[in-house]
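Here is a report on pockets, cavities and helix packing. The chain comes first, then the findings.

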Amino acid sequence: TKVSSFREVACIVARCRSSCDDLKKKTCASSVIYHQITAHVEHVFCAVLPCPSPRGSGATCLWSAEPAFQADQQQLLRDLHHVALLYVASHLSSGESDRAMDSVRAVTMSALLAAFDAVLRVQAKDKPLATSQILAGLEQSGKQVNDPFWISTQSFD
């Protein structure tokens with residue numbers, strides 16, 4: 001199924017967090033649990049959720065297309081942070097690592113961090129986060145005072 005809204009993204013990430021927490025509570029061999037958590041997070045962030053569109057691409061990005069409430073934005077940021085911590089801890093605790101696994105971890109964490117960045121930049125419709133306004137180059141009043149801040153990755157294209 002194709003993800004088409006910010007709300008769907010929030011639900012998928014919340015479900016991912018809940019599933020990882022449930023997996024962590026299992027009583028079977030810990031290495032199996034670690035592999036299940038890493039596989040689940042990799043699937044969600046590399047196959048289910050779309051990557052945010054690059055800035056200036058002109059493409060509509062579902063991560064920022066809809067205005068969100070501050071509480072929803074903060075909850076999604078907490079969920080993304082929790083999933084990232086679980087993923088890294090599980091991957092490093094599995095005890096196995098080679099170049100291929102390190103590459104998958106790097107791609108998954110890049111997708112997760114791109115999602116976190118996109119959510120952080122959303123201007124909440126009720127009360128934008130101060131960090132969101134700073135990244136967008138806005139004053140507290142919402143007036144544009146600077147160019148939006150982001151790191152250019154065009155050298156990687």
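Helix 1 gives the largest share of the lining of the second largest pocket, 5 residues. Helices here are DSSP runs (H or I, at least four residues), numbered from the N terminus. The pocket has a volume of about 200 Å³. Its lining holds 14 residues, and F6, R7, A10, A68 and D72 lie nearest the centre. Helix 1 (6-24) and helix 4 (70-93) are the elements that give two or more residues to this lining. By class, the lining has 8 nonpolar, 1 polar and 5 charged residues. Ala, Val, Leu, Ile, Met, Phe, Trp, Tyr, Cys and Pro count as nonpolar, Asp, Glu, Lys and Arg as charged, and the others, Gly among them, as polar.

The model is predicted: local features need pLDDT of at least 70, side-chain atom pairs count only at pLDDT 80 or more, and totals for chains, interfaces and linings use all residues. Residues are numbered from 1 along each chain as its sequence is written, and side-chain values use heavy atoms, with hydrogens and water left out.

A search of the whole structure finds 1 cavity of 30 Å³ or more. On a 1 Å grid over the protein atoms alone, a cavity is a set of points where a 1.4 Å probe fits but cannot get out; a pocket is an open set with protein on both sides within 12 Å along at least five of seven lines; lining residues have an atom within 4 Å of a point. Grid points are joined across faces, edges and corners, and a volume is the space filled by probe spheres set on the points. The largest cavity has a volume of about 30 Å³. Its lining consists of F45, L49, P50, C51, P52, W63, A111 and A115. That makes 8 nonpolar residues, no polar and no charged.

Two helix pairs follow. Axes are lines fitted to C-alpha atoms over the stretch in contact, and angles run from 0 to 180 degrees between N-to-C directions.

| Helix pair | Axis distance | Angle |
|---|---|---|
| Helix 1 and helix 4 | 9 Å apart | about 40 degrees |
| Helix 2 (30-48) and helix 5 (99-120) | within 9 Å | roughly 60 degrees |

Helix 2 is therefore oblique to helix 5. Angles under 35 degrees count as roughly parallel, over 145 as roughly antiparallel, 65 to 115 as roughly perpendicular and the rest as oblique. Helix 2 passes helix 5 in a left-handed crossing, with the near helix turned anticlockwise from the far one by less than a right angle. V41, E42, F45 and C46 of helix 2 contact V104, V107, T108, A111 and L112 of helix 5, with heavy atoms within 4.5 Å. This contact has 7 nonpolar, 1 polar and 1 charged residues.
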